[in-house]
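Dear colleague,

Please find below the structure that I am handing over to you. My notes on what was found in it follow directly after.

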Amino acid sequence: MPSTPSDTREDSPPDAPGRTAPGVRIGGLSVVYRTPAGELPAVRGIDLELPPGTITGVVGESGSGKSTLALSLLNAVQPPGRISAGSVQIDGLGDVVTLRGEELRRARGRHVGYVFQAAQNSLNPLKPVGRQLLDLGRSHGVADLRALVREARDLLGRMGLDGARVLDSHQHELSGGMRQRVGIMFALVLNAHLVVLDEPTTALDMITQATILRIIREVHEERGLTTLVITHDLGVVAEVADRLAVMYGGRVVEQGPTRQVLGDPLHPYTRGLIRAIPRLVGDIGEATALPGRPPTLATIPAAGCVFRERCPLRMDLCATQEPPTVAHGGRLVACHAVEGGIREERAGAGNHGGQDGAGGPDGRDGAEDPDGRAVAAGAREEQA
Ligand SMILES: Nc1ncnc2c1ncn2[C@@H]1O[C@H](COP(=O)(O)OP(=O)(O)OP(=O)(O)O)[C@@H](O)[C@H]1O
Ligand code: SF4
Ligand SMILES: [Mg+2]
């Protein structure tokens with residue numbers, strides 16, 4: 001059995017010092033789900049690196065494979081799904097795709113903290129939160145359970161909750177937003193240095209959401225974490241993420257520094273997502289929904305570009321040849337048009353400004369700001 005950091009840390013207090021943020025390298029990752037039509041890919045050939053100490057955001061419409069990707073980081077894809085190809089190399093753990101049994105169980109929680117999507121519904125209804133916390137600590141061999149409880153109270157307090165009261169409460173005594181924050185506490189309390197948050201703020205009102213995002217960023221920096229935030233909300237990634245990966249139909253179609261991707265999106269899908277953000281200042285009718293619908297497992301094209309049904313730039317080539325992922329400055333983009341230097345959308349498909357980087361994705365004031373955080377953060381404020 002390879003030696004992992006957990007071998008030496010099982011008895012450490014929850015805030016054991018001396019740990020560093022791990023880097024994560026996802027290579028050629030594919031996940032399939034068994035369906036009546038056979039095994040179909042929900043995630044296909046994903047290459048993505050999470051540099052140590054960074055926050056990476058993953059965005060995309062519903063069904064694009066975000067949660068499936070997140071589950072793969074813990075080798076936690078459940079039947080009828082399975083990881084069919086690829087690796088997830090985490091510093092200090094190795095390739096988690098190959099981990100099994102006890103090694104895998106110990107890696108989860110202690111090394112990889114995870115907030116499940118709909119975390120507000122994932123608590124045990126029969127036990128108070130504090131009992132569940134002690135169970136978690138015992139199952140990971142935490143020697144100082146008092147320190148663990150102190151840590152939990154502190155985290156809950158920072159998120160605006162009365163920690164002692166919450167630990168004494170059952171799930172039904174807490175609101176959806178309170179349960180969401182309890183889920184975040186569980187992901188952080190064992191002091192994992194890789195934290196995966198799947199839609200961490202979905203159930204929260206805008207004010208609480210802003211507080212939670214600030215705390216996620218603070219805790220990330222204080223503890224030196226590597227963090228992955230999954231969301232469908234560009235405003236969330238704009239506020240917290242250093243890097244951004246845009247998913248569509250199980251593929252990462254564009255990735256790079258958040259500011260670049262949001263300030264000067266290259267892939268037609270990224271541009272469409274940004275154009276679809278509603279704005280409550282100025283002309284609210286300016287937001288343009290992406291035409292069509294995202295594909296389901298059954299309709300993801302087996303060949304060519306996954307986005308072609310909805311793409312204003314599609315060419316004949318796009319129907320037969322999958323676009324390779326090509327570097328553009330600090331960015332990776334999978335699009336024949338971008339690769340071929342075609343930077344304008346066709347007339348009639350809605351020309352919302354060129355992709356030459358001189359203007360924003362749609363010519364609006366905020367979108368012209370090269371600082372992507374300002375772009376989408378502005379949109380969020382306007383929505384509040
Ligand atoms: N257990 C399952 N069995 C069959 N198909 C599944 C299963 N779980 C997910 N899928 C399919 O895999 C694809 C990716 O789903 P996933 O939940 O990863 O998407 P997502 O981007 O997280 O969506 P959302 O934003 O709605 O959470 C979807 O087409 C979904 O229907
Ligand atoms: S590869 Fe073709 S269809 Fe796909 S996004 Fe680029 S231009 Fe559009
Ligand atoms: Mg999801």
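**Ligand surroundings**

By class, the shell around ligand 2 comprises 10 nonpolar residues, one polar residue and two charged residues. Please bear in mind that this is a predicted model. In total, 13 residues surround ligand 2, and the closest are Cys305, Arg308, Cys311, Cys318 and Cys335.

Ligand 1 is surrounded by 16 residues, of which Ala42, Ser62, Lys66, Ser67 and Thr68 are the closest. Its shell is made up of four nonpolar, 11 polar and one charged residues. Helix H2 (residues 66-72) supplies the largest share of the shell around ligand 1, namely three residues.

**The eight-stranded sheet**

Eight strands form an open sheet with mixed pairing, in the order E6-E7-E8-E3-E9-E10-E12-E11. Strand E6 (112-115) and strand E11 (325-328) stand at the edges and have a single partner strand each, so one side of each is left without a neighbour in the sheet. On average, and with direction ignored, neighbouring strands of this sheet are turned by 20 degrees against each other.

Within the sheet, strand E9 (residues 243-248) pairs with strand E10 (residues 251-257) in the antiparallel sense, over six bridges. Leu244 has Gly256 in E10 as its bridge partner.

Two helices that pack on the sheet may be noted here. Helix H7 touches E6 and strand E7 (194-198), and the direction of H7 makes about 175 degrees with that of E6. Helix H11 (residues 268-275) also packs on the sheet, where H11 touches strand E3 (55-59), E9 and E10; the direction of H11 makes about 100 degrees with that of E9.

**Pairing of E1, E4 and E5**

Strand E4 (residues 81-90) pairs with strand E1 (residues 24-35) in the antiparallel sense over eight bridges. Arg25 has Gln89 of E4 as its bridge partner. E4 also pairs with strand E5 (residues 94-95), again in the antiparallel sense, over two bridges. In that pairing Gln89 stands opposite Asp95 in E5.

**Helix packing around H5**

Two packed helices are described by the angle between their axes and the distance between the axes. Helix H4 (residues 129-139) packs against helix H5 (residues 145-158) at an angle of about 130 degrees, with the axes 10 Å apart. This angle makes H4 oblique to H5. H4 passes H5 in a right-handed crossing. On the H4 side the contact is made by Gly130, Leu133, Leu134 and Gly137, and on the H5 side by Leu145, Leu148, Val149 and Ala152. These residues divide into six nonpolar, two polar and no charged.

H5 also packs with H7 (residues 176-189): the axes of H5 and H7 come within 10 Å and cross at roughly 135 degrees. This makes H5 oblique to H7, and the crossing of the two is right-handed. H5 contributes Leu148, Glu151, Ala152, Leu155 and Leu156 to the contact, while H7 contributes Arg181, Met185, Leu188 and Val189. The residues of the contact of H5 with H7 divide into seven nonpolar, no polar and two charged. Leu148 and Ala152 of H5 are named in the contact with H4 and also in the contact with H7.

With kind regards

How values were computed:
Residues numbered from 1 in each chain as written. Chains lettered and ligands numbered in written order. Predicted model: local features only at pLDDT ≥ 70, side-chain atom pairs only at ≥ 80, totals over all residues. Axes fitted to C-alpha atoms, helices over the stretch in contact; angles between N-to-C directions. Helix = DSSP H or I, 4+ residues; strand = E, 2+ residues; numbered from the N terminus. Parallel < 35°, antiparallel > 145°, perpendicular 65-115°, else oblique. Left-handed = near helix turned anticlockwise from the far one by under 90°. Contact = placed C-beta atoms within 7 Å. Nonpolar A, V, L, I, M, F, W, Y, C, P; charged D, E, K, R; others polar. Near = placed C-beta within 6 Å. Pairing = 2+ DSSP bridges.
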